[in-house]
Amino acid sequence: MIVNLNELRLSGEPLLVKGSFCEDDLHIQSRLAALSEDVATEMKVSLSGDRVSVKGTLRTALLVTCCRCANPFSVQIAKQFDLEYWPDPDVADGEELELEYEDLEVGFYRDDQIDLSAVLSEQVVIEIPMKPVCREGCKGLCDQCGRDLNEGDCDCDRTKIDPRFAVLAQLKNPKVN
Ligand SMILES: [Zn+2]
Ligand SMILES: [Zn+2]
């Protein structure tokens with residue numbers, strides 16, 4: 001959803017957006033997650049000179065894969081955001097400005113327009129958990145037979161100590177002669 005900033009400027013009013021966006025609208029491309037619910041959002045887009053403020057809330061759910069047991073599960077996302085976008089320094093006043101920009105947490109726009117789908121998509125993607133765990137204390141998979149240990153134990157001997165750590169284990173439990 002593209003907002004033409006010139007039209008916004010002419011209207012003199014902030015733009016209010018309320019709606020829901022599906023995966024096709026947002027093009028969320030992540031191997032780690034997919035939307036399991038549409039993204040419901042309310043946003044206010046306003047201009048202050050050539051700086052654009054995008055404030056709002058979003059709510060959705062993501063389907064992710066547990067990093068321990070490999071089962072898919074859904075995580076709820078609800079967040080507020082308060083973002084600022086400036087004209088892209090490449091098309092503004094050159095290098096001096098660019099240096100100044102580096103430390104700031106702002107986004108940039110080009111061609112006098114802002115793509116709200118991209119804004120939302122980015123806000124969703126940064127919420128994707130890097131190591132999602134399906135439940136507290138998920139036992140994961142047996143590293144020998146691959147059984148999901150949440151569903152029950154297997155007969156594998158998983159107490160084997162990595163030979164690299166055997167020495168340490170001995171130091172911790174010195175044999176009493
Ligand atoms: Zn799990
Ligand atoms: Zn096993």
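**Contacts, core and strands**

Student: Which residues is Leu-120 in contact with, leaving aside its neighbours within four places in sequence?
Tutor: First, this is a predicted model, where local features need pLDDT of at least 70, side-chain atom pairs count only at pLDDT 80 or more, and totals for chains, interfaces and linings use all residues. Residues are numbered from 1 along each chain as its sequence is written, while chains are lettered from A and ligands numbered from 1 in the order in which they are written. Two residues are in contact if their C-beta atoms, placed from the backbone, lie within 7 Å. With near sequence neighbours within four places left out, the partners of Leu-120 are Phe-21, Leu-26, Val-39, Thr-41 and Leu-58.

Student: How many residues are in the largest nonpolar core, and which element gives the most to it?
Tutor: A nonpolar core is a set of buried Ala, Val, Leu, Ile, Met, Phe, Trp, Tyr and Cys residues joined through C-beta atoms within 7 Å; buried means 20 or more other C-beta atoms within 10 Å of a residue's own, exposed means 12 or fewer, and partly exposed is in between, with C-beta atoms placed from the backbone. Those with the most contacts inside the core are Leu-26, Val-39, Val-45, Val-52, Ile-114, Leu-116 and Leu-120. Strand E3 (33–35), strand E4 (39–48), strand E5 (51–65) and helix H4 (116–125) each supply at least two of its residues. The core has 21 residues, and the element giving the most, with 5 residues, is E5.

Student: What order do the elements run in from the N terminus?
Tutor: Helices (H or I, at least four residues) and strands (E, at least two) are DSSP runs, numbered from the N terminus. The protein chain has 5 helices and 8 strands. From the N terminus on, the order is β-α-β-α-β-β-β-β-α-β-β-α-α.

Student: How many bridges join E5 to strand E6?
Tutor: Two strands pair if DSSP finds at least two bridges between them. E5 runs antiparallel to E3, with 3 bridges, and antiparallel to E4, with 9. E6 (residues 72–87) is also antiparallel to E5, and Lys-55 has Asp-82 as its bridge partner there. The number of bridges joining E5 to E6 is 14.

Student: Which residue in the turn between E4 and E5 has a positive phi?
Tutor: On the two strands, Ser-46 has Ser-53 as its bridge partner in E5, and Val-45 has Val-54. E4 and E5 form a hairpin with 2 residues between them. The turn residue with a positive phi, about 65°, is Gly-49.

Student: And which residue has a positive phi in the turn between E5 and E6?
Tutor: This hairpin has 6 residues between its strands. Phi is about 70° in the turn at Ala-70.

Student: Which residue in E4 stands opposite Phe-21?
Tutor: Strand E2 (residues 15–21) is joined to E4 by 7 bridges, and the two run antiparallel. Opposite Phe-21 stands Val-39.

Student: Is Thr-60 buried or exposed?
Tutor: Thr-60 sits in strand E5. Not counting residues up to four places away in sequence, Thr-60 touches Leu-35, Glu-37, Asp-38, Val-39, Ala-40, Ile-77 and Val-124. Because Thr-60 has 24 C-beta neighbours inside 10 Å, the label is buried.

Student: Are Asp-111 and Asp-112 buried, partly exposed or exposed?
Tutor: Neither is a glycine, yet Asp-111 has a positive phi of about 55° and Asp-112 a positive phi near 55°. With 16 other C-beta atoms within 10 Å, Asp-112 is partly exposed. Asp-111 has 11 C-beta neighbours inside 10 Å, so Asp-111 counts as exposed.
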